[in-house]
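Hi,

Here is the structure I promised to pass on.

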Amino acid sequence: MRMSGIDALRAQLSGRVIDESNTDYDSARAVWNGEINRKPAVIARCTGPSDVAAAIAFGRERAMSISVRGGGHGYWEAALPDGGLVIDLSDMRGVSVDPGSHRAWCSGGATIADLDVATQRHGLAVTGGTVSHTGVGGLTLGGGFGWLVHKAGLTIDNLLAAEVVTADGRTLGVSADEYADLFWAIRGGGGNFGVVTGFEFRLHEVGPLVYLGLFFWGLDQGMEVLRLGREVAASLPRDAGLLLAAGLTAPAAPYVPAHYRGTPGFGLLVAGFGSAQEHAALIAPIREALPAMFEFVTPLPYVELQKILDESAPWGSHAYEKSLCLRELSDESIVAFTDLIPRKSSPMSFVQIFPLGGAFAAVNDSDTAFGCSRAARFVVNTVAVAPNAELLATDRAWARSAWQTLVSHSSDTGGYLNFLADDDSDRVHTAYGPAKYQRLAQIKARYDPDNVFRMNPNIKPAMLQKP
Ligand SMILES: Cc1cc2nc3c(=O)[nH]c(=O)nc-3n(C[C@H](O)[C@H](O)[C@H](O)COP(=O)(O)OP(=O)(O)OC[C@H]3O[C@@H](n4cnc5c(N)ncnc54)[C@H](O)[C@@H]3O)c2cc1C
């Protein structure tokens, strides 16, 4: 049965309104994670703040569950409500750059690739994720780290202003000077506070040509690789980025010798944003310390570096993840990693270890709402990825038990909102810690007292909390 008022909504919006009567309904409701198969009643493809405000009013009048979709890469299944309303920003992908002031204005539904391509025309960039089809919206609101985190900090550390449509339909320009409380909350508090229709970022000079060193070892060398990665991370210069990949499967890429393709192992990926000589000096000790099974060292455009892991996470993958932030990569954790890797079943599953430092560590904990403490030096993400639901079921159990083991070796440093899945709802509070959560809950009460934006890792308005 068709929902009442849907034609009126269609007439009101400049963007499309999609429901089950539309032939592209199934593709419109699809998100990156093939495991999420929900059937919203209405998908409002908004084109700007007035569309967003009209869609919010429509949903509120009907007491619908309202969700917001940026790039569609979220792990939170309930973010796509059955029978609810999706405020879909995927037609809002424009990016404009002012090279003189090193600033970019990015629409709320853009992908990292949209942002990179536009900024790189001017040799500029802002920290984005390591998979280019991820959305800027969700990534930024939770924090955002990638290759540039040492050089430029988190994506939110470079957010200068934003345009936010609040639950009552107002469009607010927020920055350090205007609605400063809301500006603080959206830098780490996720989609809890409103629909962000535009982000203004500070940009940094990057590339266009940068450097990659990818080193790959077999499963039997995991311990040495992770210890080496820990050493490289400890002295990583700001002009470099590092990713440790445990359990990575060597891809069928031209740079991988044919007989190693499909082999599971441990990888170190070192990106350099300075000169070729600086990158060479950075990777020389790696070669010396531990000769790799194969390596791939090359200059490449920054936009290509940003896509280097895209194929490891194609649209429609069935995925689940469990993460934690660590102050140190202890020997005990390293032993645990090497022990758990051979127990995974899907070749696509692996453990990502993102070192954090440099510009990330130079920001105070209280400056933003980011969950993990700035004292954290690694974000560890146990990622179960599979081509089908059956294989995912096996590796979901693997990811959960691996996480339990790792937790026993970790100190409490909070958690990264963007790596939480629905069964982590009790971790939202611990991710922030009591003081930060309380501050967020008070801001939530000011801007969304009825908890309209609750289909997410939810921060409850202060007055709705149990005493
Ligand atoms: C393959 C893959 C790789 C990843 N790599 C990284 C990485 O390298 N670094 C990293 O930091 N994270 C990474 N992530 C995590 C990623 O940051 C989160 O999944 C993020 O939520 C994705 O944002 P999205 O806009 O694509 O997703 P969506 O599912 O569209 O959004 C997720 C949630 O964010 C909120 N939201 C999104 N856009 C808006 C908006 N404009 N206004 C208000 N609320 C909004 C909504 O609550 C929504 O439910 C990765 C995720 C995947 C799947």
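**Around the ligand**

Helix H5 gives the most to the shell around the ligand, with 5 residues. Before you go further, bear in mind that this is a predicted model.

Of the 35 residues around the ligand, the ones that come nearest are Gly 71, Gly 135, Gly 137, Gly 138 and Gly 191. Strand S3 (66-69), helix H5 (136-142) and strand S10 (195-202) are the elements that give two or more residues to that shell. Sorted by class, the shell has 21 polar, 13 nonpolar and 1 charged residues. Where does the ligand lie relative to domain 1 and domain 2? It lies between them, because domain 1 (10-88) and domain 2 (95-205) both give residues to the shell.

**Domains**

The chain is divided into domain 1 (10-88), domain 2 (95-205) and domain 3 (209-423). Taken over C-alpha atoms, the centres of domain 1 and domain 3 are separated by 33 Å. There is contact between these two: 8 residues of domain 1 meet 12 residues of domain 3. On the domain 1 side that touches domain 3, the residues divide into 4 nonpolar, 2 polar and 2 charged.

**Helix H14**

This helix covers residues 434-447. I checked its length: at 1.5 Å a residue, its 14 residues should span 20 Å, and the end C-alpha atoms are 20 Å apart, which agrees.

Which residues of H14 are buried? They are Lys 436, Tyr 437, Leu 440, Ala 441, Ile 443, Lys 444 and Tyr 447. These cover an arc of only 165 degrees around the axis, so they sit on the same side of H14. Pro 434 and Ala 435, on the other side of H14, are exposed. As for what covers the buried residues of H14, that includes helix H7 (180-185) and helix H13 (427-432).

**Ser 333**

You will find Ser 333 in helix H11 (residues 331-340). Is Ser 333 buried or exposed? The cut-off for buried is 20 or more other C-beta atoms within 10 Å, and Ser 333 has 22 C-beta neighbours inside 10 Å, so it counts as buried. Leaving out residues up to four places away in sequence, Ser 333 touches Leu 326, Leu 406 and His 409. With His 409, the separation is 76 residues in sequence and 6.0 Å in space, C-alpha to C-alpha.

**Backbone details**

A few spots to look at if you check the backbone:

- Gly 207 and Pro 208 are joined by a cis peptide bond, with omega about 5 degrees. Pro 208 is in the loop between strand S11 (204-205) and strand S12 (209-218).
- Ala 63 is not a glycine, yet its phi is positive, near 55 degrees. This residue is in the loop between helix H3 (49-61) and S3. Ala 63 has 7 other C-beta atoms within 10 Å, so it is exposed.
- Tyr 179 also is not a glycine and has a positive phi, of about 50 degrees. The place of Tyr 179 is the loop between strand S9 (171-175) and H7. Tyr 179 counts as buried, because it has 21 C-beta neighbours inside 10 Å.

Over to you!

Conventions:
Residues numbered from 1 in each chain as written. Predicted model: local features only at pLDDT ≥ 70, side-chain atom pairs only at ≥ 80, totals over all residues. Near = placed C-beta within 6 Å. Helix = DSSP H or I, 4+ residues; strand = E, 2+ residues; numbered from the N terminus. Nonpolar A, V, L, I, M, F, W, Y, C, P; charged D, E, K, R; others polar. Domains from an automatic or database assignment. Expected span 1.5 Å × (residues − 1). Buried ≥ 20, exposed ≤ 12 C-beta atoms within 10 Å, placed from the backbone. Arc of directions from axis to C-beta. Contact = placed C-beta atoms within 7 Å.
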